[in-house]
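Here is a short briefing on one protein model. Look it over before reading on.

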Amino acid sequence: MTHFSGKTYWLIGASEGLGRALAKRLDEEGARVILSARNADRLEQLRGDLNDAQVVPLDVTDTDAVRNAAATIGLLDGVIYNAGAYEPMRATEWDSDAALRMSDVNFTGALRVLGEVVPGFVQNGQGDITLVGSLAGYRGLPAAIGYGASKAALVSLAETMRFDLKGTGVTVRLVNPGFIKTRLTEKNSFRMPMLMTPEAAAERVLSAMRKRRFRTDFPAPFSWAIRCVEYLPDILVYRGK
């Protein structure tokens, strides 16, 4: 079981929602937390509530900024990629700028960050990587242009890394939440089953980080229903389409 006390974690996407709640829980567990997001003011407010934290403002869509941030931070025990962008969008209402922005934050940003962190972890023979995906990454869903595809790419990335980093001492895990009550999900006009608070979701992520298990989907049974859709024949899924 992983213990957090005395360890340093780089939490990307720490300013709001799940990331903010997770930063507080890691701090309570005795970890040193490096807080990154675009909103420096919100990060500074969060740092004031923590015992041992450093603020490193960061736009994950800026390759040079990611490289500079990683060089500034130095040695890490773990990295948590929680940066996320979301706009509900149907294919009939395509917004290329929004779709590309979601892809850049949710997936390509992770590639930038991991490209700076993983080589050092491998060289040192240890490191802990947590990627926060989404249940929306398991199947194409309505009104999820940009978001669903970028989360599916993140799921695939995590699966590949789990294979490739076996035996290196580097732990890779994937955490796929359902709906969490945040400023992003406030954009949804539909009913969100089993909507969780950021605090409840943070507890689930922290619990997953204590273990070496690769994949954690929550909440059940909503996550079970989403995964089951994967195995339905297309004739049922797209009936009448």
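This is a predicted model: local features need pLDDT of at least 70, side-chain atom pairs count only at pLDDT 80 or more; totals for chains, interfaces and linings use all residues.

Residues are numbered from 1 along each chain as its sequence is written, and side-chain values use heavy atoms, with hydrogens and water left out.

**The helix pair**

- Helix α3 spans residues 63-73 and helix α4 spans residues 96-124. Helices are DSSP runs of H or I with at least four residues, and strands are runs of E with at least two, numbered from the N terminus.
- The axes of α3 and α4 come within 9 Å and cross at roughly 30 degrees. Axes are lines fitted to C-alpha atoms over the stretch in contact, and angles run from 0 to 180 degrees between N-to-C directions.
- α3 and α4 are therefore roughly parallel to each other (angles under 35 degrees).
- T63, V66, R67 and A70 of α3 meet R112, V113 and E116 of α4. Contact means heavy atoms within 4.5 Å.

**N176 in its strand**

- N176 sits in strand β6, residues 170-177.
- N176 counts as buried because its relative accessibility is 0% (buried means under 20% relative accessible area, with a 1.4 Å probe and protein chains only).
- The N176 side chain makes polar contacts with the side chains of Y138, at 2.9 Å, and D217, at 3.0 Å. A polar contact is a pair of N or O atoms within 3.5 Å; within protein, one must be able to donate a hydrogen and the other to accept it, and residues adjacent in sequence count only if both atoms are side-chain atoms.
- Leaving aside neighbours within four places in sequence, N176 also touches other residues, including G133, L135, V155 and F218.

Key. Angles under 35 degrees count as roughly parallel, over 145 as roughly antiparallel, 65 to 115 as roughly perpendicular and the rest as oblique. Buried means under 20% relative accessible area, exposed over 50%, partly exposed in between (1.4 Å probe, protein chains only).
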